[in-house]
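Student: Could you walk me through how to read a model like this one, feature by feature? I would like the general idea and then the case at hand.

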Amino acid sequence: MSRPVTFRQTPFLHLFRRITVLFTALCVLSACAAPVTKTAMNDPYEKSSRKVHAFNKGLDRALIGPTAKGYGFITPPVLIHMISNFSGYLGLPGQAVNNVLQADAKGFGQTLLTFTVNSLTFGLGDLASEAGITDNNADFGQTLHVWGVGQGIYHEMPILGPSTTRDTIGFVVDTAINPVNLLESSDARWAGFGFSVLDRLGDRNQYSEVIEDTLYNSDDSYIAARSLYLQNRDFKLNKGAVNEDSLEDPFADF
Amino acid sequence: MPIFKVSNRRTFLAGASATAATFALPSVGFALTKADAEKLIDRLSDDIFKVINSGKSGSALYKDFDKVFGKYAAVNAIARTCLGPPWRSATAAQQRAYIAAFRGYLSRKYGKRFREFIGSEINVVSAKAVKSGVLVKSLVKFKGSAPFIVEWQVFERNGKQQMFDLYIEGISMIKTEREEVGSMLDRSGGKVAKLITRLKTAG
């Protein structure tokens with residue numbers, strides 16, 4: 001008789017997986033950022049968030065940045081890609097759950113197809129995106145948005161980086177429903193966690209110029225990071241397209 | 001002649017729509033079709049990729065990038081939008097100096113940014129009409145990593161199509177630079193002259 005799967009979760013694991021959010025936020029861009037007016041207002045704890053931001057910057061400068069560069073230096077690019085692909089592959093079942101919760105049949109089809117195709121490489125290759133299958137990156141924060149839950153308060157957390165109330169709740173739920181974290185073997189859970197950390201280190205290394213430009217060359221890196229996070233988040237909530245309402249007006253007169 | 005057989009009602013409708021077209025002509029977005037905007041972005045991204053794949057770097061790269069920027073982008077409108085209301089209180093000479101400094105800053109900063117796209121491939125995917133023009137979506141593909149989306153906001157003024165804003169994974173160049181210029185202006189004590197000096201070395 002096989003033992004039932006136990007639902008063990010270490011708070012430690014939660015915390016560390018959240019590092020990934022900081023990196024995601026910092027990595028996608030090619031520009032720093034500015035606050036979306038309506039969201040910038042909702043930052044009542046800016047003063048304490050700024051202190052956390054300074055801490056995170058220090059951590060990046062002293063530990064995360066150098067570690068990422070070391071990782072990028074010693075690891076062959078092919079292996080970095082495989083690790084990144086595999087980490088994304090492990091996230092697909094959780095993504096499928098969110099597709100269902102959002103009643104998004106098309107997204108579910110994409111996720112299923114991506115999973116099926118990439119399974120041919122045991123998750124190490126990304127044949128799906130090479131074949132032009134769009135990935136939807138659904139998460140529980142997005143699901144809450146679809147359900148009509150508001151964004152809440154913007155905040156920056158130690159190690160974990162920029163977030164909003166809705167996204168923090170989303171992160172916790174995503175971690176809880178990720179099948180890797182439901183495995184009984186703690187070795188397997190740690191391996192899953194390890195892959196996601198390496199994946200983020202790879203991103204931190206690949207986009208180091210842009211990230212460092214944002215963190216260390218912006219006139220105000222707190223505002224830059226906040227705006228970058230919120231703009232990119234808005235784009236993802238809008239299923240990978242700029243929200244038309246947020247477009248700038250070329251004929252604006254001052 | 002068939003033309004005389006057209007009913008009164010149809011003649012009226014044809015006349016009315018012709019009148020409407022005459023009135024509509026000067027308005028924005030009427031003449032700018034999605035296909036036109038796609039073509040513009042096709043040429044623009046081709047030119048950008050030529051520059052970044054030329055192997056140049058530093059000031060030579062920024063100079064080439066500045067040329068492309070000047071050719072396709074609504075430089076004045078972008079500069080003005082990033083400065084916001086202080087634009088109004090600046091003197092004409094300051095406005096000119098600000099535009100020149102801003103343009104140099106943008107070429108350096110985005111020349112550097114686009115250079116990271118080296119070895120990738122960019123393709124226009126689709127376009128849609130928006131309030132003040134057309135939004136063109138393109139996909140940048142890097143070997144071995146997930147593709148990402150760049151969207152270009154194109155509008156038309158005086159019969160000329162121009163790029164206004166660009167969004168990389170939803171992050172707007174104009175929003176970003178308005179924030180950046182805003183905090184530079186704050187640190188310059190609100191003085192546009194000092195901001196111009198800062199801009200000349202930034203990016």
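Tutor: Gladly, and let us begin with the nonpolar core. In soluble globular proteins, nonpolar side chains tend to be buried together. In this predicted model, the largest nonpolar core has 61 residues. Its members with the most contacts inside it are B:A37, B:I78, B:F102, B:V136, B:V154 and B:M163. Helix α13 of chain A, residues 221-237, gives the most to this core, namely 8 residues.

Student: Which residues does B:F102 touch, leaving aside those up to four places away in sequence?

Tutor: B:F102 touches B:A79, B:C82 and B:L199. Apart from the core of 61 residues lies another one, with 6 residues, including A:I83, A:F86, A:Y89 and A:F195.

Student: Now the chain interface. How many residues of each chain are in contact there?

Tutor: Count both sides, then ask which elements supply them. Here 35 residues of chain A are in contact with 40 residues of chain B. On the side of chain B that touches chain A, at least two residues each come from α4 (75-83), α5 (86-89), β3 (145-157), β4 (160-168), β5 (171-172) and α7 (173-187) of chain B. The element that gives the most to that side is α7(B), with 10 residues.

Student: What classes of residue make up the side of chain B that touches chain A?

Tutor: That side has 18 nonpolar, 10 polar and 12 charged residues.

Student: Let us turn to helix packing. How are α4(A) and α11(A) oriented to each other?

Tutor: Look at the distance between the axes, then at the angle. Helix α4 (residues 46-74) and helix α11 (residues 186-206), both of chain A, have axes that come within 8 Å and cross at roughly 95°. Angles of 65 to 115 degrees count as roughly perpendicular, so α4(A) and α11(A) are roughly perpendicular to each other. In this contact, A:I64, A:G65, A:T67, A:A68, A:K69, A:Y71 and A:G72 of α4(A) meet A:L198, A:L201, A:G202, A:R204 and A:N205 of α11(A). By class, the contact of α4(A) with α11(A) has 5 nonpolar, 5 polar and 2 charged residues.

Student: At what angle do α3(B) and α6(B) pack?

Tutor: Helix α3 (residues 58-72) and helix α6 (residues 92-115) of chain B pack at about 110°, with their axes 8 Å apart. That makes α3(B) roughly perpendicular to α6(B). From α3(B), the contact uses B:L61, B:Y62, B:F65, B:D66 and B:F69. From α6(B), it uses B:R103, B:L106, B:S107, B:R108, B:Y110, B:G111 and B:R115. These residues divide into 6 nonpolar, 2 polar and 4 charged.

Student: And strands? How do β1 and β2 of chain B run?

Tutor: For paired strands, check the direction, the bridges and the link. Strands β1 (residues 121-130) and β2 (residues 133-142) of chain B run antiparallel and are joined by 9 bridges. B:A129 has B:V134 in β2(B) as its bridge partner. The hairpin between β1(B) and β2(B) passes through 2 residues.

Conventions. Residues are numbered from 1 along each chain as its sequence is written. Chains are lettered from A and ligands numbered from 1 in the order in which they are written. This is a predicted model: local features need pLDDT of at least 70, side-chain atom pairs count only at pLDDT 80 or more; totals for chains, interfaces and linings use all residues. Two residues are in contact if their C-beta atoms, placed from the backbone, lie within 7 Å. Helices (H or I, at least four residues) and strands (E, at least two) are DSSP runs, numbered from the N terminus. Ala, Val, Leu, Ile, Met, Phe, Trp, Tyr, Cys and Pro count as nonpolar, Asp, Glu, Lys and Arg as charged, and the others, Gly among them, as polar. Two strands pair if DSSP finds at least two bridges between them. Axes are lines fitted to C-alpha atoms, for helices over the stretch in contact, and angles run from 0 to 180 degrees between N-to-C directions. Angles under 35 degrees count as roughly parallel, over 145 as roughly antiparallel, 65 to 115 as roughly perpendicular and the rest as oblique. A nonpolar core is a set of buried Ala, Val, Leu, Ile, Met, Phe, Trp, Tyr and Cys residues joined through C-beta atoms within 7 Å. A residue is buried if 20 or more other C-beta atoms lie within 10 Å of its own, exposed if 12 or fewer, and partly exposed in between; C-beta atoms are placed from the backbone.
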